[in-house]
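Trainee: Could you walk me through how to read a few features here? I would like the general idea, then the case at hand.

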Amino acid sequence: AFILAIGGPACLAAGIRLRQSAYLVLGVAILGGAYVIEMAYLNVTQPQAFAIPGGIALYLLTYLVWRQSTTPGLKHPLETGALAALLGTALLQALGQGDAVGSHVSYEVILVLEGTAILIGGAVLRWTNTFFAGGAAIVAGTLIVMSGPLRNLSVVYLILLIGCAMIAAVV
């Protein structure tokens, strides 16, 4: 992590000096890698609190690269990385992974709220990947929230619920 923390600013400085946005993005990616390695080394139990600032920073970098449009091929990898940082950690914690402690309802709510914010951001910027990823996160969060009560229902109620949903879909 220490070597990456030195290499990241060096790439950033080279990108500024040479006016190459690819070096800037590489520098940010290297610093992000150092950030993740340091979190793993310190056994961080709440990665969501650390992933949100990193994901927002990646989204801001994606927006700047998109507005400059000097290197159009960089937008999609940066956008995917930001989505993975924001929604990936929230989804893992909502499912009970990543040392999530206690009730998972708070993580499920965070997933739905992050999905809503990303969906709105994708609609405003007209970024289809972001828009659909936000929608998928909302659906996944809702299904995870609903899995608890549905687990307690008997099979008869579940079949009745599926039948009503099928009738409603036809009507």
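Mentor: Gladly. Contact means heavy atoms within 4.5 Å. Leaving aside residues up to four places away in sequence, E108 touches A94, I144 and V145. This is a predicted model, where local features need pLDDT of at least 70, side-chain atom pairs count only at pLDDT 80 or more, and totals for chains, interfaces and linings use all residues. Residues are numbered from 1 along each chain as its sequence is written, and side-chain values use heavy atoms, with hydrogens and water left out.

Trainee: Where does E108 sit, and why does E108 count as buried?

Mentor: Helices are DSSP runs of H or I, at least four residues, numbered from the N terminus. E108 belongs to helix α5 (residues 105–125). Buried means under 20% relative accessible area and exposed over 50%, with partly exposed in between (1.4 Å probe, protein chains only). E108 has 9% relative accessibility, so it counts as buried.

Trainee: Which residues of α1 are buried?

Mentor: G8, C11, A14 and G15. They lie on the same side of α1, because they cover an arc of only 130° around the axis; the arc is that of the directions from the helix axis to the C-beta atoms.

Trainee: What do the buried residues of α1 pack against, and which exposed residues are on the face turned away?

Mentor: The partner is α2 (21–41). The face turned away from the buried side carries F2, I16 and R17, which are exposed.

Trainee: What follows α1?

Mentor: R19 does, with a positive phi near 55°.

How values were computed: Helix = DSSP H or I, 4+ residues; strand = E, 2+ residues; numbered from the N terminus.
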